[in-house]
Amino acid sequence: MKRYEIKYLLKEDVSGLIGSDICVKGWVRTKRGNKNVAFIAINDGSIIHNIQVVADPARFEDELKRITTGACIGVEGKLVESQGSGQAVEVQAERIVVYGEADPDTYPLQKKGHSMEFLREIGHLRPRTNTFGAVMRMRHHMAYAIHTFFHERGFFYFHSPLITASDCEGAGEMFQVTTLDLNNPPRKEDGSVDYSQDFFGKMTALTVSGQLEGELGATSLGKIYTFGPTFRAENSNTPRHLAEFWMIEPEMAFYDLDSLTALEEEFIKYCVRWALDHCMDDLEFLNKMIDNSLIERLRSVIETEFVRLPYTEGIKILEEAIAKGKKFEFPVSWGTDLASEHERYLVEEHFRKPVIMVDYPKDIKAFYMKQNDDGRTVQGTDVLFPQIGEIIGGSVREESYDKLTARMDELGMDRASMEWYLDTRRFGTCPHAGFGLGFERLMLFVTGMANIRDVIPFPRTPKTAEF
Ligand code: 4AD
Ligand code: MG
């Protein structure tokens with residue numbers, strides 16, 4: 001008998017199927033009823049909603065005993081218009097197969113709501129909850145939206161390596177990759193580890209960014225984007241940091257600061273609009289259960305023009321706020337990096353809309369950013385969002401070989417290992433720009449979830465790598 005997915009039965013026009021025999025399969029969410037009738041709500045993951053199965057307790061006595069929350073069953077029966085309110089259709093059971101029971105004494109997901117902390121401990125089962133089902137379906141939709149956005153605009157998906165020898169961001173937060181025996185590594189005469197004997201013949205690590213390789217793509221294919229796992233060994237135990245996250249990094253030849261920030265804004269709005277257009281059932285659930293201003297916030301973002309704010313003006317606004325009595329934990333002064341409390345003040349209290357901050361002091365940004373003529377700022381951009389803080393970091397790139405190498409020398413970087421990158425500036429250099437969007441930060445925004453550990457299936461954070 002033909003099996004239908006629940007999404008199809010609840011969303012498509014199934015008037016032609018009413019009265020015919022069909023099959024549905026899924027996991028039991030609830031079972032209720034009395035001695036005359038039993039109602040079983042099952043969910044197959046295709047959609048947030050369950051389909052209701054109506055069964056005669058006398059006929060299915062054995063099966064019903066084995067059916068509890070979490071069990072997996074298959075049901076054959078007649079599709080009928082639903083008697084009760086709620087769903088349009090339900091299934092009158094003729095045959096029930098119990099594929100797998102879920103012992104109610106030990107199955108951890110019971111009907112009552114569980115805390116996010118508890119669900120993280122059972123991360124292998126949490127995708128079966130409504131909340132994580134909604135978030136994971138939306139993750140898929142956002143990934144699909146991202147590929148669609150770039151494909152429609154003529155960008156090529158470019159695969160940067162995950163194992164690399166260069167620290168793009170220069171922050172030294174890399175996870176080393178080695179096959180050497182850590183208890184007894186080969187050593188050079190001076191006692192240091194001899195990486196020439198390691199697998200790759202040199203010291204390697206997991207990438208913190210695909211940008212440097214992405215620049216090679218942009219300076220040949222014109223416009224590329226990467227979309228892959230990214231690793232940072234920063235010891236940040238915050239609701240916005242993961243040690244393994246996904247980043248989208250477009251890189252474009254012949255873009256300047258204005259076309260860069262325009263693309264950043266268009267890109268985020270496209271993703272948010274996609275969520276509103278394709279994920280409304282899940283959004284309505286999250287709006288009800290997690291954050292009741294979620295849908296309103298998403299709608300308002302796509303209608304708002306993001307503010308362009310030079311760093312120097314941002315500092316002035318913060319200093320004025322402090323003069324008027326605003327208290328921050330961390331001090332504000334020109335030249336220092338903004339803390340997330342400062343970013344959130346600008347976005348949530350001062351402007352009340354997303355802010356694209358530009359022209360940062362060069363000393364707080366990476367070596368590759370284009371230097372301004374003032375000698376102290378670079379054409380970096382951060383997109384700052386309500387609730388999240390920084391969602392995108394990007395910049396125009398320094399295309400001058402002389403200026404770039406001078407900056408690398410100033411920072412004491414090892415030029416010899418970067419000659420391949422410098423070739424982009426040595427041969428046919430061109431103005432270009434790009435940015436990185438943290439996929440999970442976008443997921444935080446579109447789902448209204450509060451903790452980044454709850455928008456990725458299996459989070460990796462300091463001291464946790466379960467499942
Ligand atoms: O600002 P970041 O460090 O910029 C870069 O890596 C550049 N190479 C991007 C580029 O220009 N191609 O990181 C970019 C974004 C951040 O804005 C943030 O959204 C996200 O990546 N991100 C993280 N997300 C989760 N956990 C972490 N530990 C993150 N670190 C950065
Ligand atoms: Mg950044």
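Modeller: Here are some questions and answers about this structure.

Biologist: What should I know before reading the numbers?

Modeller: This is a predicted model, where local features need pLDDT of at least 70, side-chain atom pairs count only at pLDDT 80 or more, and totals for chains, interfaces and linings use all residues. Residues are numbered from 1 along each chain as its sequence is written, chains are lettered from A and ligands numbered from 1 in the order in which they are written, and side-chain values use heavy atoms, leaving out hydrogens and water.

Biologist: How many helices and strands are in the protein?

Modeller: Helices (H or I, at least four residues) and strands (E, at least two) are DSSP runs, numbered from the N terminus. Counted this way, the protein has 13 helices and 16 strands.

Biologist: Which residue's side chain makes a polar contact with the side chain of H241?

Modeller: H241 is found in the loop between β10 (223-231) and β11 (244-253). A polar contact is a pair of N or O atoms within 3.5 Å; within protein, one must be able to donate a hydrogen and the other to accept it, and residues adjacent in sequence count only if both atoms are side-chain atoms. At 2.7 Å, the partner of H241 is T238.

Biologist: Which residues of α10 are buried?

Modeller: Helix α10 covers residues 340-350, and its buried residues pack against elements including α9 (311-323) and β13 (355-361), contact meaning heavy atoms within 4.5 Å. Just after α10, R352 takes a positive phi of about 55°. The buried ones in the helix are H342, E343, Y345, L346 and V347.

Biologist: At what angle do α5 and α12 pack?

Modeller: Axes are lines fitted to C-alpha atoms, for helices over the stretch in contact, and angles run from 0 to 180 degrees between N-to-C directions. The axes of α5 (residues 211-221) and α12 (residues 419-426) are 10 Å apart. Their angle is about 30°.

Definitions and conventions
Buried means under 20% relative accessible area, exposed over 50%, partly exposed in between (1.4 Å probe, protein chains only).
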